[in-house]
Amino acid sequence: MSPLEQFFVQKKILITAGATYENIDPVRFIGNYSSGKMGIALANAAHTLGAKVLLLKGHTDKSIQIDSDIEVIDALSAKAMSELCPLHFKDADICIMAAAIADFSPAEIASQKIKKSDDVLTLTLKKNPDIIAGLGKQKRPHQYLVGFALETENAIAHAQAKMQAKNCDMLVLNVLNEGNQVFGSDDNRIQIFTKNNPSPIFYQYPKTVLAKYILQEINNHCKI
Ligand code: CTP
């Protein structure tokens with residue numbers, strides 16, 4: 001067994017992946033472009049290393065293969081994520097929050113399809129709970145919490161501030177540079193922040209390769 005397998009074998013890992021959809025009416029929603037590739041790559045890689053993985057799955061690209069004996073629970077909206085994450089976090093050794101969870105949802109969901117009666121339609125959105133910040137508060141000393149971030153300006157400063165504010169042990173920054181298409185792409189460019197230091201940037205690798213780097217970094221820094 002490799003040192004990485006020795007670390008992950010039997011560890012309970014909670015991973016979120018994909019996009020949440022926030023219903024507007026019975027036929028419309030607010031969503032985002034997350035495909036779930038990064039989160040599912042992490043789930044598959046952790047499972048291959050012997051971890052017990054629970055995947056809370058938002059809307060994901062159906063063509064992405066999930067290893068068949070990974071436990072999967074659908075969490076298709078921010079509300080579902082906000083109920084399921086704290087519940088399952090209690091039993092987790094490591095939690096990786098890779099899902100793109102909506103920050104805002106419609107204040108009211110129309111029970112019937114909204115008709116186009118006026119030229120302008122105003123939607124009122126309410127802020128959703130910051131789930132990872134809640135997990136950061138709930139976190140016990142033996143638990144390790146990993147967040148993701150996507151920033152379009154002052155990325156390093158924002159990533160470090162976000163990690164501290166949410167009490168994460170590690171934050172994976174999607175590095176947005178020209179040519180790096182994060183959403184839906186097989187490749188990505190990331191920088192990993194831990195309490196001590198940021199790592200160098202991992203340039204343009206397939207998400208399946210980045211998943212192994214991230215797990216290796218968790219093994220390097222996590223003392224449980
Ligand atoms: N996240 C969460 N709850 C939400 C929204 C996001 O737990 N309601 C998690 C994501 O899964 C991710 C992390 O928070 O791991 C960072 O998400 P991001 O959208 O980059 O950060 P925000 O804190 O929402 O900050 P902002 O949008 O203001 O940059």
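Buried here means under 20% relative accessible area, exposed means over 50%, and partly exposed covers what falls in between (1.4 Å probe, protein chains only). At 27% relative accessibility, His221 therefore lands in the partly exposed class. His221 belongs to helix 6 (residues 207-221), helices being DSSP runs of H or I with at least four residues and strands runs of E with at least two, numbered from the N terminus. Ala19 sits 202 residues from His221 along the chain, and the C-alpha atoms of the two are separated by 28 Å.

The model is a predicted one, so local features need pLDDT of at least 70 and side-chain atom pairs count only at pLDDT 80 or more, while totals for chains, interfaces and linings use all residues. Residues are numbered from 1 along each chain as its sequence is written, and side-chain values use heavy atoms, with hydrogens and water left out.

Now to the ligand. The space it takes up is the largest pocket. A pocket, on a 1 Å grid over the protein atoms alone, is an open set of points with protein on both sides within 12 Å along at least five of seven lines. The shell around the ligand holds 15 residues, the closest being Met97, Ala99, Ile132, Phe148 and Lys166; a residue counts if one of its heavy atoms lies within 4 Å. By type, the shell splits into 10 nonpolar residues, one polar and four charged. Strand 9 supplies the largest share, four residues.

Oxygen atoms of the ligand pair up with several polar protein atoms. A polar backbone atom of Met97 is 2.7 Å from a ligand oxygen, a backbone N or O atom of Ile132 lies 2.8 Å from one, and a polar side-chain atom of Asp103 is found 3.1 Å from one. Of the 580 Å² of accessible area that the ligand has on its own, the protein covers 75%, as worked out by the Shrake-Rupley method with a 1.4 Å probe. Helix 4 (131-138) and strand 9 (144-150) are the elements that give two or more residues to the shell.

Two further residues sit in strands. Asn174 is part of strand 10 (residues 170-174) and is buried, at 9% relative accessible area. The Asn174 side chain makes a polar contact with the side chain of Asn188 at 2.7 Å, a polar contact within protein being a pair of N or O atoms within 3.5 Å, one able to donate a hydrogen and the other to accept it, with sequence neighbours counted only if both atoms are side-chain atoms. Gln191, in strand 11 (residues 187-194), is buried with a relative accessible area of 9%. Gln191 and Asn174 are 17 residues apart in sequence and 6.7 Å apart in space, C-alpha to C-alpha.

Notes:
1 Å grid on protein atoms, 1.4 Å probe; cavity = no way out; pocket = protein on both sides within 12 Å on 5 of 7 lines; lining within 4 Å. Sits in = over half its atoms within 2 Å of the grid points. Nonpolar A, V, L, I, M, F, W, Y, C, P; charged D, E, K, R; others polar.
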